[in-house]
Amino acid sequence: MEERLPADFCGTASRAADLHAVGFEGRGPPMRMEVLAMRISSALFALSLTSLASAGAPAQGQDGPPAWAYPVNPPNFQRAPDDGTIRRVPDSAAGFTLTQLRDLFAAPDWHPEDHPAMPEIVAKGRTPDVFACGVCHRADGPGGPENASLSGFSAEYIIQQTVEFKTGLRMNSVPRVATDLMIKTSKAITDQELKEAANYFASIKPRSNIAVVETDTVPKTHVRDLFLAPMDGGEKEPIGQRIIEIPENVEHFLSRDSRARFIAYVPVGSIKKGRALAASSDLRVQCAACHGADLKGTAVAPGIAARSPTYMFRQLYDFKSGARKGANSDVMKPAVENLGIDDMIALVAYTASLMP
C-alpha cells in the first residue's frame with residue numbers, strides 16, 4: 001500500500017516512522033515512506049538516534065527530556081501488513097480490519113453503549129485536514145499514554161487547548177508526531193466543529209483505566225507505535241528513575257479499544273512522596289490550590305486525577321522547559337521550576353493513582 005503524507009510534514013527519519021505508525025492512509029500528496037527517509041540527511045538521522053535513545057534503557061541522563069516519556073519509533077519501524085483478518089476486542093460485537101483501524105478518518109466504535117452519539121467530526125473528521133478526534137483519543141475520549149484523555153475536561157478547556165496548539169503556544173520539549181497531527185487538525189477545524197467535539201467529550205464521565213504499581217523491576221520494553229510495550233521473553237530490568245506505562249493487552253490498545261487498560265510501573269515510594277508534594281505548604285507546588293481538593297478540577301483548572309502518568313509527566317516537563325505556554329503557563333511555570341525528574345515522577349504517580 002502506498003503511504004501518503006501531507007505536504008507540510010517533514011522532519012527526521014524517526015518522525016517519518018512515527019507518521020507511518022499512526023496510520024496516515026492517503027489524504028494528501030503521494031510520497032512513499034522510503035523516498036521520504038532517503039531524503040533525510042545522514043546528519044539529521046544520526047541526531048535523531050542520539051537525542052532520543054532507546055526508551056527501554058534504565059539509565060537516563062538529565063541533560064534533556066527523558067526518552068521513556070517521549071517515545072519515538074525507530075527509523076526502520078514497519079507496521080504489520082493487513083492480512084484481512086477481522087480484529088476483535090472483549091465485550092464487543094464489532095470487528096475491524098487493520099486497514100480500517102489505521103484510517104485516521106474513521107474512529108472505531110467498539111462500545112457504542114458507552115457514550116452518546118458521536119458528532120461527525122469525532123467519528124469521521126473532515127478530509128483532507130481534520131482527522132477524526134475519536135481515532136487518536138478513542139471513541140469516548142480516554143486516549144492513551146501518547147495523548148490526552150479528553151473525557152472529564154470542560155468544553156472550554158478543550159477549546160482553549162486546541163487554540164493554543166493552533167497558535168503555537170502549546171508545543172513539546174522534543175518533536176512529537178502526535179503534536180504534529182494535533183497542530184494540523186487545529187489549524188483546519190472550524191469553530192463549530194471544535195465546539196461540537198468539545199461538548200461531546202466534556203459530556204462523558206471519566207473513568208479510571210490505570211493501575212499504578214510501585215516496583216523495583218519492570219518488564220523490558222521497546223517502542224511500539226509511539227508507546228512502550230513489553231518485549232517478548234518476559235525479561236526484567238531495574239526501573240531506575242522512570243515511569244514504565246504499558247497496555248495490559250497491546251493488541252487491544254492497537255485496535256483503539258476505548259476500554260483498554262494500562263499498568264503504570266513507578267519507583268517504590270512514589271505515591272507517598274507525590275501525595276506529600278501535592279499537599280505542600282508551598283502554594284506554588286500545592287496542586288489542590290488550583291485543581292481542587294480532590295484534584296478533579298475547578299472552574300479555573302482541569303482535573304488531573306486518574307490521568308496517564310506518562311502524559312502528565314510530559315506536561316510538567318514541557319511547562320518547566322517553556323515548550324508549553326498559553327493561559328496556564330504563568331501559574332504552572334513557578335510550580336514546576338524547582339521540581340526535579342524524581343519529583344515529577346512522584347507527583348504524577350500520585351495523581352494517576354486517584355479516582356477520577
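**View A. Buried residues of helix 14 in the predicted model.** Helix 14 spans residues 329-336, and its buried residues are Ser329, Met332, Ala335 and Val336. These residues lie on the same side of helix 14, because they cover an arc of only 130° around the axis. The arc is taken from the directions from the helix axis to the C-beta atoms. Helix 13 (309-321) and helix 15 (341-352) are among the elements that cover these residues, where contact means heavy atoms within 4.5 Å. Buried stands for under 20% relative accessible area, exposed for over 50%, and partly exposed for values in between (1.4 Å probe, protein chains only). Helices (H or I, at least four residues) and strands (E, at least two) are DSSP runs numbered from the N terminus.

View B. Strand 1 and strand 7 (residues 262-266) run parallel and are joined by five bridges. Ile210 is opposite Phe262 of strand 7. Two strands count as paired if DSSP finds at least two bridges between them.

**View C. The salt bridge between Glu251 and Arg87.** The side chains of Glu251 and Arg87 meet at 3.3 Å, N to O. Glu251 belongs to helix 10 (residues 250-254) and Arg87 to the loop between helix 3 (42-51) and helix 4 (98-101), so the pair ties together parts 164 residues apart in sequence. Glu251 is partly exposed at 34% relative accessibility, as is Arg87 at 22%. A salt bridge requires a side-chain nitrogen of Lys or Arg within 4 Å of a carboxyl oxygen of Asp or Glu. The whole structure has 13 salt bridges.

**View D. The salt bridge between Arg138 and Glu146.** The closest N and O atoms of this pair are 3.2 Å apart. Arg138 and Glu146 are both buried.

**Notes.** Residues are numbered from 1 along each chain as its sequence is written, and side-chain values use heavy atoms, with hydrogens and water left out. The model is predicted: local features need pLDDT of at least 70, side-chain atom pairs count only at pLDDT 80 or more, and totals for chains, interfaces and linings use all residues.
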